[in-house]
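Subject: Structure handover

Hello,

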Amino acid sequence: MSTVPSDPVRPRPSAGLFITRGIDILSKESEDPAKPKLRRALGPWALIALGLGNMVGAGIFATVGTGIHNYAGPAILISFLICAIASACAGLCYAEFSSMVPVAGSAYTYTYATLGEFLAWLIGWNLVLEYGMSAAPVATTFSANIQIALNAVGVHLPQWAIGHYDPAHGTYFDVIAFLCVVGFSILLTLGVRESAGTNSIIVILKMGVLAFFVIIALPHLNPANFHPFVPNGWYQPGSAAFPVIGIIPGAFYAFFAFIGFDSVTVAAEEAKKPQLDVPIGVLGSLALGTLFYTAVAIALIGLQPAGKIDPNTPLPTALAAANMGQWAWTAIVGAVLGTSSVVLTAIYGQSRIFMVMARDGLLPKGIAAIHPRFQTPARMTLIMGVVVGLMAGSFSLDTLLSFVNTGTLSAFLLVCAGVLILRRTQPTRPRGFKTPWVPLVPAIGIGLSVVLMVWGTDLFIWIRFLAWMAVGLLIYFAYGYSHSEERRAILAARETK
């Protein structure tokens, strides 16, 4: 059986399900002068802001309340620690990959280079959950906060336009959620520099809101609110609404707040110095995000006992309970800013991943076209904006949170595994950044991802996740397998010999 070499270290495998794309080929393609390119306009701070823009949003402004009230109580701090360790291990592995493969695509590209096309497709399909799907419920949160602000000044939308399709309550389409997603999608088509500048401003403002909340809350901290610290143990059966509760399920739920730092790797082709700047962006955004999450959780619990924290609007209601209701508006502003940047970076990430998958032939190539003026995948961005906007306007997607987490954790698991594989198969390949303490760090990342996926949720979520995977497999075998550029190149090479 003849093969075509993909890089000087490892020959290209046969054209089966686990065909890989050599790292050298991936790097050369991104620099090919004959192909349209994305603009390299992002430095370290823009990349850190991109990660924080996707991390610090609905996760900290909303899910922290549910995590404390319904899952883990004050022990949500341990849940955050578990999430931080799992994310740090994955982040270190992401950083090593991004320093070797400075192209867009995130975990999809890294898996394609190491574990093969089939697993890469599954990861790319799961990343739809992390990016595209997660933007829809965040947009509904944005809409709810905007409506609160409009109502305060006497502006009221028609009943049919204020929520998702729910005829029993007279709502049919959330207009603001739809306009939010489509508006940010249009902004993204205009250029990554313009979008990154907007995102950086939003990040500075919302981090300032969180810092302000912590500063005004800490003087009112009541140590008694931290007892009992572990009311539900590590893991135990819950209720119909929350089938499992405790520290581990709390960590699985709170993991949504950590999703997003890996969006930095999607911007590798638009980074000025990708081998250096992308690792800084990944680890910097993760470190800052974790610091703020922990501080906000401590301040929130200190203001109000866990059982009284509002799961939906934890920060403003806690301020009101502590007789600081005059500052509640700052939390609402922070929630609006936070959800804005999450929608912006989520649509950004999803459009770039689909662009790379289309470039590889696994999706129709037409959607990967780069706009000649704006140098962005404008068509894909607008398509994603309209689709996600319709979902945000039509459906209540709160229950997708666990769905999204499962897809992201599976991506983290394979990225950690990919580092272990490359260290063994290509030990001499240059690495601008090396994950420390290998194999310990990747092994911890794999282990915690498995623990959170298996013990963090219930069977119903797994059934829905498997159904989602079945749809992805159908698309891959109906289109992607036969249109794969790598597979076609190998088969063409065989025919000429």
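Axes here are lines fitted to C-alpha atoms, for helices over the stretch in contact, and angles run from 0 to 180 degrees between N-to-C directions. Helices are DSSP runs of H or I with at least four residues, numbered from the N terminus.

Before the rest, the ground rules. This is a predicted model, where local features need pLDDT of at least 70, side-chain atom pairs count only at pLDDT 80 or more, and totals for chains, interfaces and linings use all residues. Residues are numbered from 1 along each chain as its sequence is written, and side-chain values use heavy atoms, with hydrogens and water left out.

On the H17 side the contact uses Tyr476, Tyr481, Ser482 and His483; on the H18 side, Glu485, Arg487 and Arg488. Contact means heavy atoms within 4.5 Å. By class, this contact has two nonpolar, two polar and three charged residues. Nonpolar covers Ala, Val, Leu, Ile, Met, Phe, Trp, Tyr, Cys and Pro; charged covers Asp, Glu, Lys and Arg; the others, Gly among them, are polar.

Next, H9 (residues 247–254) and H16. They pack at about 100°, with axes 9 Å apart. That makes H9 roughly perpendicular to H16. From H9, Ile248, Pro249, Ala251 and Phe252 meet Val451, Leu452, Met453 and Trp455 of H16. That contact has eight nonpolar residues, no polar and no charged ones.

**Salt bridges**

Side chains of opposite charge can pair when their charged atoms come close. The count here is four salt bridges. The rule: a side-chain nitrogen of Lys or Arg within 4 Å of a carboxyl oxygen of Asp or Glu.

Which residue pairs with Arg423? Glu96 does, with the closest N and O atoms 2.9 Å apart. Glu96 sits in helix H4 (residues 76–100) and Arg423 in helix H15 (residues 400–425), 327 residues apart. Glu96 is buried, at 0% relative accessible area. Arg423 is partly exposed, at 22%. Buried means under 20% relative accessible area, exposed over 50%, and partly exposed in between (1.4 Å probe, protein chains only).

Arg431 also forms a salt bridge with Glu96, with the closest N and O atoms 2.9 Å apart. Arg431 lies in the loop between H15 and H16 (440–455) and Glu96 in H4, so the pair ties together parts 335 residues apart in sequence. Both Arg431 and Glu96 are buried.

Glu117 pairs with Arg487, the closest N and O atoms being 2.7 Å apart. Glu117 is in helix H6 (residues 117–152) and Arg487 in H18, so this pair ties together parts 370 residues apart in sequence. Glu117 is buried at 0% relative accessibility, and Arg487 is buried at 4%. Salt bridges that share partners join Glu96, Arg423 and Arg431 into one network.

**Cysteines**

Cys93 is buried at 0% relative accessible area. Cys416 is also buried, at 0%.

Regards

Notes. Helices (H or I, at least four residues) and strands (E, at least two) are DSSP runs, numbered from the N terminus. Angles under 35 degrees count as roughly parallel, over 145 as roughly antiparallel, 65 to 115 as roughly perpendicular and the rest as oblique.
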